[in-house]
Amino acid sequence: MNHSKSPSFTANDTSISSDEYFSQRQLKQGSVGWILLIGLGVAYVISGDFAGWNFGLAQGGWGGMFIATILVAIMYLCLCLSMSEMSTMMPTAGGGYSFARLAFGPFGGYLTGTAILIEYAIAPAAIAVFIGAYCESLFGINGWMIYLACYLIFMGIHLKGAGEALSIIFAITSIAVLALIVFIAAMLPHFQFSNLFKISTTSAAGANAFLPHGYIGIWAAVPFAIWFFLAVEGVPLAAEEAKKPQKSLPRGLIGAMLILTTFALLILILGVGAAGADTLKNSGAPLVDALITVYGKDSWLATFVNFVGLAGLIASFFSIIYAYSRQIFALSRAGYLPTSLSLTNKNKSPYLAIIIPGIIGFFLSLTKQGDALILIAVFGATISYVLILLSHIKLRFSKPDMPRPYKTPGGILTSSVALILAIAAVIAGFVVNPEVWFIAATIYAVFIAYFLLYSRYHLIKGTPEEEFANIKSAEQRLKEEG
């Protein structure tokens, strides 16, 4: 992008040149290939296989959680197919924010970007709580020291640069995948169909052995089914650092989604089928507890999965730091958030965008409320999905001639299916815990007020998102003029 054509780059600041401003806010281009992008997509999410999903058993039983997982998997697959198209149209670091800005303008972009930011800023705090639970099971230690060590070590690695960080993430994720394979193989011989339904049945409407909490249990399990896939949509945040983004981004998104769906279903069926739904429904380390139930406390399998399972939690924690820093980078560079947050160091890493949310996340982790933090993260995620999917539909009508190196199979039908499911997921969060839902909505409202009262008057001209919109608008005018 050539930013020198913008004589003034903010609404009311001409004290610094456009070239100087953007030279201080550049990421390292071409440092990430499609295999690393698949690894990044899996890394974002893999902690959800080790902890968090099992709370859905308490909400809906195995049957409710199974149906919720199938519906959520369909939603995410359609979402990833839709995002694959938009990421090749507009390969910038903003991801979903960039797509919504192109479709609905600055306010639409901001609504989407801040919803994503809530998701990515809160999720590491929840994961830190689960890391603590695994450490307690393995080493007998838990609490603020574990949480602080996680943030300090992994923020430090990210400050060294994207290529280095993503290579380490890929290695850690590979180890975590090995732990999941060992767990699945260990559960298979002990699977019993009756174990899936070993949980108390309530008096709710439609309650039975398959749906012990009735039909409402399916809704209530949705946010925890989302934990199996939460943040896979963050792959396009690496667009400005990706090699050949028109090819690598769709491969990264779709490849990661297929791997994650396979693991989610195998763990939900075999893990619960071997250990029993009631055993796992409130566990902080469900895979370890499943192995202990089947093989005994002194089993080497339980120790192995516990120890190596930390890699899965660390991989997601580590990778989501990358995601929130790139989201903040894009929003700050555009003036939505304070522009100092998009400054990069000598390694082209947005250092303040890494550090400041990390400090906030550490204090949130001290609550030790992993399930509540999941619900707040899911609130931000599902709001962003609704806006991203609306963007896909809108761009199909408003920008029909914009180059699309990859096109979503099924077009707007695919994104419409995901949109309906995403709206249902927003409502499901309210069903599970209205109090936490309102806390999340309040955080979102504060962000919206900040835009309406301040940042909309300080937006930056010449950002990649704006230039894409301007270029395409000019092309459309020329076409209309003949």
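Predicted model: local features only at pLDDT ≥ 70, side-chain atom pairs only at ≥ 80, totals over all residues.

Trainee: Okay. How many helices and strands does the protein have?
Mentor: It has 17 helices and 0 strands.

Trainee: And what share of the residues is buried?
Mentor: Buried residues make up 60% of the 482.

Trainee: What about contacts across the sequence, how many join residues at least 24 apart?
Mentor: 84% of them, counting contacts between residues at least 6 apart in sequence.

Trainee: Let's pick a helix. How far apart are the end C-alpha atoms of α5?
Mentor: They are only 40 Å apart, although α5 has 44 residues. A straight helix would reach 64 Å at 1.5 Å a residue.

Trainee: Is α5 mostly enclosed or open, and why?
Mentor: It is largely enclosed by the rest of the structure, because 35 of its 44 residues are buried.

Trainee: What does α5 look like against α16?
Mentor: α5 spans residues 96-139 and α16 spans residues 434-453. They pack at an angle of about 145°, with axes 10 Å apart. The crossing is right-handed.

Trainee: Which residues meet there?
Mentor: On the α5 side they include P106, F107, Y110 and L111. On the α16 side they include I443, Y444, F447 and I448. The residues of this contact divide into 14 nonpolar, 1 polar and no charged.

Trainee: New topic. Which helix holds S384, and is S384 buried or exposed?
Mentor: S384 is in helix α14, residues 370-398. S384 counts as buried because its relative accessibility is 0%, and the cut-off is under 20%.

Trainee: What does S384 touch?
Mentor: Leaving out residues up to four places away in sequence, S384 touches T112, A115, I116 and E119.

Trainee: Back to α5. How accessible is F139?
Mentor: F139 lies in α5. It is partly exposed, with a relative accessible area of 48%.

Trainee: Which residues does F139 touch?
Mentor: F307 and L310, again not counting residues up to four places away in sequence. F139 and F307 are 168 residues apart in sequence. In space they are 9.5 Å apart, C-alpha to C-alpha.

Notes. Residues numbered from 1 in each chain as written. Heavy atoms only, no water. Axes fitted to C-alpha atoms, helices over the stretch in contact; angles between N-to-C directions. Helix = DSSP H or I, 4+ residues; strand = E, 2+ residues; numbered from the N terminus. Left-handed = near helix turned anticlockwise from the far one by under 90°. Contact = heavy atoms within 4.5 Å. Nonpolar A, V, L, I, M, F, W, Y, C, P; charged D, E, K, R; others polar. Buried < 20%, exposed > 50% of the residue type's maximum accessible area, 1.4 Å probe, protein only. Expected span 1.5 Å × (residues − 1).
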